[in-house]
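Colleague: Could you take me through this model and tell me what stands behind the words you use for it?

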Amino acid sequence: MSEISKCESYLLDIPKFKKKTLLSDTIKFYELLGRPGEDIPRIHVAGTNGKGSTCFYTSQILKNHGLRVALFTSPHLVSMKERFVIDDRMISDEEFIRVFNHVKNKCESLDEETKEAMHPSFFEFLFLMFMLWVSEVKPDVLILETGLGGMLDATNIFETSALSVICSIGLDHIEQLGNSIEEIATQKAGIIKNNVAVVSLDNDFAANQVIKERALAKNAPLYLLKEENISNVSVKDKHVDFSLNFSYDNSVCVDEMRISLETSALYQRFNASMAVLVSLIYLKDRFDEKLTVEALSKGSFKGRMEEIHPGFFVDGAHNEDAVDKLLETLLQVEGTKTLIFGACKDKDYETMLEKIINSNVFDSIVLTKVHSPRAAEIEDLLRITGKCNGSGKEIRTAGDVEKAIRMLDGEEGIKYIAGSLYLVGEAMDYIRRMTDD
């Protein structure tokens, strides 16, 4: 086993969800390391869906304006190193191992007060590694994606930030965040800081009210991106084209910017537009429309309507809201479509499958199982499809995503893989190994 594989195995053995109500543990770990990277400006991003893409598009815009941008996102799809990116370069194996060992050695020390061994959770450990790394590589700005929620997230240890960003809000992680939109929005809005501008997607009324009240209480200027700011939308040749315009005041306004995204994912128009607004507020007078349009025309976030093999696309739709956005995109796509679907049992996969079947977007569905202790069983997925498949859609099964891809490879039509980010990662890893061989 390679040295970096040993590091990843150690990290994976740490429970991914550590129950706590305060950030005192994370702050204690961070102070133990000497608060590395604290002086670097931070753009903080929360939300249920669209966080990663908004972070990516923002990084591309800022990079095209000459800034060195470090990006911390989650989860990873194939390698943990994907969470650590600067100027489109992932952290090297050597850097990963070095910061891992530094954090591990520090956190294995004894707390002088309690005399108990200190140990961060899985996500805290990775975040501490990232902050230590950026203190060494010294980028101009950090873009931090929250891991879970916002208020109690490890990335929320700082008293201030350069900008707070809240993307689409929906029902997900209800056991940790609450079972209503208001409760979840409260957690997301927890990243809003005193006198720090907030960029938010126009969510439903309940979520918006929570965000507006929090922003008002914190004296934080709020910029709400609405659907009416986006017009003339078209999808053609694996590109999404649209016009963007908004005007909040004389310094935060855009007049009919025409944008072309290198993706067929219709939902990315919102995430890219959020990135434009974020970049304009952050850059102020340095913002250049031409550089922004140029930046957005190149590439898209991994695992979001990405073609990984001829005729095979993966998409990170792993909750009800994300499935709605995927279906909206695929309604624009003609031809035969097959879905490979697998999910985690702690997600509302019943609602997801019902939406998928009732949409009549797919001609057939292949149900499979994710390689995870959290995986939903194929038998449970079959029970749901049997209950709601009134149109008699073809339903097949495959033990894992590799078998599903081999089953469908060579068949006519386009194949989509969705339902879980774990599933997307497994598919990408399999195609990479198949290509290497």
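What follows is a talk about the terms and the values behind them.

Modeller: Gladly, and a word on the ground rules comes before the rest. This is a predicted model, in which local features need pLDDT of at least 70 and side-chain atom pairs count only at pLDDT 80 or more, while totals for chains, interfaces and linings use all residues. Residues are numbered from 1 along each chain as its sequence is written, and side-chain values use heavy atoms, with hydrogens and water left out.

Colleague: What makes the radius of gyration of the protein chain agree with that of a compact globule?

Modeller: The radius is taken over C-alpha atoms, and the globule rule is 2.2 Å times the number of residues to the power 0.38. For 437 residues a compact globule would come out near 22 Å, and the protein chain has 22 Å, so the two agree. Its C-alpha atoms fill a box of roughly 60 × 55 × 40 Å along the principal axes.

Colleague: How many helices and strands does the protein chain have?

Modeller: There are 15 helices and 17 strands. Helices (H or I, at least four residues) and strands (E, at least two) are DSSP runs, numbered from the N terminus.

Colleague: Why is strand E14 called largely enclosed?

Modeller: Buried means under 20% relative accessible area, exposed means over 50%, and partly exposed lies in between (1.4 Å probe, protein chains only). Five of the five residues of E14 are buried, so the rest of the structure largely encloses this strand. Both faces are covered, with Lys337, Leu339 and Phe341 buried on one side and Thr338 and Ile340 on the other.

Colleague: Which strands pair with E14, and in what sense?

Modeller: Two strands pair if DSSP finds at least two bridges between them. E14 and E17 have five bridges in the parallel sense, with Thr338 opposite Lys415 in E17. E14 also pairs with strand E15 (residues 364-367) in the parallel sense, over four bridges; there, Ile365 is the bridge partner of Leu339.

Colleague: What makes helix H11 mostly covered?

Modeller: Eight of the 11 residues in H11 (residues 320-330) are buried, among them Val323, Leu326 and Leu330. The buried residues pack against strand E14 (337-341), helix H12 (349-359) and strand E17 (414-418), where contact means heavy atoms within 4.5 Å.

Colleague: Why is Lys355 called partly exposed?

Modeller: Lys355, which lies in helix H12, is called partly exposed because its relative accessible area is 24%, and the term covers values between 20% and 50%. Leaving aside neighbours within four places in sequence, Lys355 is in contact with Glu320, Val323, Asp324 and Leu327.

Colleague: Why are strands E4 and E8 said to stand at the edges of their sheet?

Modeller: Eight strands form an open sheet of mixed pairing, in the order E4-E3-E2-E5-E1-E6-E7-E8. Strand E4 (89-90) and strand E8 (222-225) each have a single partner strand, so one side of each lacks a neighbour in the sheet. Within that order, E1 (residues 42-46) and E5 (residues 141-145) run parallel and are joined by four bridges; Arg42 has Leu142 as its bridge partner in E5.

Colleague: What share of the residues in the protein chain is buried, and what share of contacts joins residues 24 or more positions apart?

Modeller: Buried residues make up 56% of the 437. Of the contacts with a separation of 6 or more, 74% are between residues 24 or more positions apart.
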